[in-house]
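Please open the model in your viewer and keep a selection panel at hand.

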Amino acid sequence: MSLSKVEPLFLAKLNQLQQQGVRKDDEKIITGILASEDGFGLRYQLHGYGGRAFLRMNSNSYLGLAQHPAVIEAEARAVEQYGAGPGAVRFISGTYASHVELERRLAAFHGREAAMLFSAAYATMVGVLPQLISGQTLVVSDALNHNCIINAIRLAQPAGKAIYAHGDMHDLEKILSTNRDRYQRVCVVTDGVFSMRGDHAPLDEFDACCDKHQSDYPEGIVTVVDDSHGIGAFGSTGRGTEEITRGRADVLVATLGKAFGVNGGYVAASATAIAYLRETAPSYIYSNPITPAEAAAALAALDILESAEGLGLLDRLRSLSTKLRSGLQQLGFETLPGEHPIVPVFIRDTAKTAALVAHLFDHNILATGLNYPVVPQGDQEIRLQVSAGHTERDLDYLLNALADFRQ
């Protein structure tokens, strides 16, 4: 047995990615975290870069809870109580008290009857979405949906699929109107907050459009929203895009690995839907869950989010996000309005995007450049992500580095 005949094909693909400017190459390895000092937030050390200390502007830990003492303590206590891992999948002997309690709390947090944990948000979507799609289902998807949704639709092999222009409810309306005699069921799926841009779906209009056409399909229309970047970071109480828009998904997918600062994904829905998914979703049935300790840490994070401290963190996050957007506009950079902590800086050129990423790295700032085909041609950008753990001095430091690049 040998890979010698296929390795040239692998190399050709790697070269193609390099030429497109989207090859990720070697991963940066974090070796240490330095405490806040002199008005600056945490700094990160990387393998191979000596004593340099980096400002991290590309983390999903929007509330900074990964470093919160109560979250760390909860995980450490649970490790002592339950050990390092679950030891089995859920239905065999891998369900612990912290899993069950976390599912109960998440359901209550979202005003749903039930919730269900997965090993990751990606695993949640690819496990859940195909189970909602039959051989007589049309799937309708936003043009900028996350890769997990795209691959979940591919796995489902629906009877039909359609894509509506990003956030365009008139286009969605047209699709639902013109397909009413062709399918038994429709599944409409969207991100809540879109991970590349920080904008959000108009869920109130989305719901109204789908409700209007429910009776056109014998099995109705099921709405699925992945709000992994919204939950815990968006809305006055951190309930995400639903809170901002007053819309409501039939099936809500989210993550514990971003604002909650831990790991894992989950789905919240009706009790019947969750019971059905426990029996049918392969990535739930055949994969180990998050560890009992991770579930305990997520519970601690949820406690914080629902407290006065959590509301303060959300206020701080909005204030810092506003400051960064304002600073970018003053410097003449193009961004999008909003209050979400994903703040895009549109460069609209692959080479210039790479040059800005390199410039920021030279100034000890970690930022992510997004080029085609990750984003549409002409939408090349730097994605900056604000955290409540950042300080105003951190953002001033970042803006000064960006000003140097402009000059």
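A salt bridge is taken here as a side-chain nitrogen of Lys or Arg within 4 Å of a carboxyl oxygen of Asp or Glu. The model is predicted, and local features need pLDDT of at least 70, side-chain atom pairs count only at pLDDT 80 or more, while totals for chains, interfaces and linings use all residues. Residues are numbered from 1 along each chain as its sequence is written, and side-chain values use heavy atoms, with hydrogens and water left out.

Select Arg112 and Glu242 to begin, a salt bridge whose closest N and O atoms are 2.7 Å apart. Arg112 sits in the loop between helix H4 (97-109) and strand E4 (114-118), and Glu242 belongs to helix H9 (residues 241-245), so the pair ties together parts that are 130 residues apart in sequence. Helices (H or I, at least four residues) and strands (E, at least two) are DSSP runs, numbered from the N terminus. Are Arg112 and Glu242 buried or exposed? Both are buried, where buried means under 20% relative accessible area, exposed over 50% and partly exposed in between, with a 1.4 Å probe and protein chains only.

Next, select Arg77 and Glu73, whose side chains meet in a salt bridge at 3.1 Å, N to O. These two residues are four apart in helix H2 (residues 69-82), which means that about one helical turn separates them. Arg77 is exposed, with a relative accessible area of 52%, whereas Glu73 is partly exposed at 45%.

Now move to Asp216 and Arg180, where the salt bridge has an N to O distance of 3.9 Å. This pair links distant parts of the chain, 36 residues apart: Asp216 is in the loop between helix H8 (203-212) and strand E8 (221-226), and Arg180 is in the loop between helix H7 (169-178) and strand E7 (185-191). Arg180 is partly exposed, its relative accessible area being 34%.

Among contacts (heavy atoms within 4.5 Å) between residues at least 6 apart in sequence, 71% join residues at least 24 apart.
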